[in-house]
Amino acid sequence: MSKVSKTTKTNTDYDIVIVGGGMVGASLAVALMPLKLKIALVDAFIFGVTELPSYDDRSIAISYGSSLIFLGMGLWDDFREVSRAR
């Protein structure tokens with residue numbers, strides 16, 4: 001799985017700033033990592049906090065097309081390890 005820095009950056013110069021660390025924002029950040037750009041992922045919640053006020057424990061369904069994107073990003077095998085569907 002890709003490594004993502006958990007540290008807070010003090011330099012504010014970025015090539016790309018992604019607002020929102022949900023599934024789409026986080027996936028975009030991982031997809032852009034091979035480009036060696038300086039990327040900031042900004043979210044309203046602190047990274048690594050497991051209890052969020054908006055968390056509602058719903059499941060998600062990922063389409064076949066999206067699974068191919070995640071496969072291309074090298075993430076699909078990690079998702080399958082924690083998936084209930086096989």
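Which residues of helix 1 (residues 23–32) are buried? They are Gly25, Ser27, Ala29, Val30 and Leu32. The model is predicted. The protein has 86 residues, and 13% of them count as buried. Its secondary structure comes to 3 helices and 2 strands.

**Overall layout**

- From the N terminus on, the elements run β-α-β-α-α.
- Strand 1 spans 16–19, strand 2 spans 39–42, and helix 2 spans 64–72.
- Helix 3 covers residues 76–82.
- Take the contacts with a separation of 6 or more: residues 24 or more positions apart account for 36% of them.
- The accessible surface comes to about 7,300 Å². Carbon and sulfur atoms hold 58% of that surface.

- Val24 counts as exposed because its relative accessible area is 69%, and the cut-off for exposed is over 50%.
- Val24 takes part in a nonpolar surface patch with Met23, Ile60 and Ile62.

- Lys36 lies in the loop between helix 1 and strand 2.
- The phi of Lys36 is near 60°, a positive value in a residue other than glycine.
- Most residues other than glycine have a negative phi.
- Lys36 counts as exposed, because its relative accessibility is 72%.

**Helix 2: Ser67**

- Ser67 lies in helix 2.
- Is Ser67 buried or exposed? Ser67 is buried, because its relative accessibility is 9% and the cut-off for buried is under 20%.
- Leaving aside residues up to four places away in sequence, Ser67 touches Ile62 and Trp76.
- Trp76 belongs to helix 3 and to an aromatic cluster.

**The aromatic cluster**

- How many aromatic pairs does the structure hold? It holds 2.
- Phe70 and Phe79 form an edge-to-face pair. Their rings lie 4.8 Å apart, centre to centre, with 75° between the planes.
- Trp76 and Phe79 form an edge-to-face pair too. Here the centres are 6.1 Å apart, and the planes stand at 80°.
- Phe79 is in both pairs. Phe70, Trp76 and Phe79 form one cluster.
- Trp76 and Phe79 both lie in helix 3, 3 residues apart, about one turn of the helix.
- An α-helix has 3.6 residues a turn, so residues three or four places apart point the same way.
- Phe70 counts as buried, because its relative accessible area is 6%.
- Phe79 is partly exposed, with a relative accessible area of 28%.
- Trp76 is also partly exposed, at 22% relative accessibility. Both values fall between the cut-offs, under 20% for buried and over 50% for exposed.

**A charge over a ring**

- Which residue lies over the face of Tyr14? Lys38 does, at 5.3 Å from the ring centre.

Terms used: Residues numbered from 1 in each chain as written. Predicted model: local features only at pLDDT ≥ 70, side-chain atom pairs only at ≥ 80, totals over all residues. Heavy atoms only, no water. Buried < 20%, exposed > 50% of the residue type's maximum accessible area, 1.4 Å probe, protein only. Helix = DSSP H or I, 4+ residues; strand = E, 2+ residues; numbered from the N terminus. Contact = heavy atoms within 4.5 Å. Areas by Shrake-Rupley, 256 points an atom, 1.4 Å probe, with all protein chains shown as cover. Patch = residues over 30% accessible without salt bridge, like charges linked within 9 Å, V, L, I, M, F, W, Y side chains within 5 Å. Salt bridge = Lys/Arg side-chain N within 4 Å of Asp/Glu carboxyl O. Phe/Tyr/Trp six-rings, centres within 6.5 Å; stacked < 30°, edge-to-face > 60°. Lys NZ or Arg CZ within 6 Å of the ring centre and 35° of its normal.
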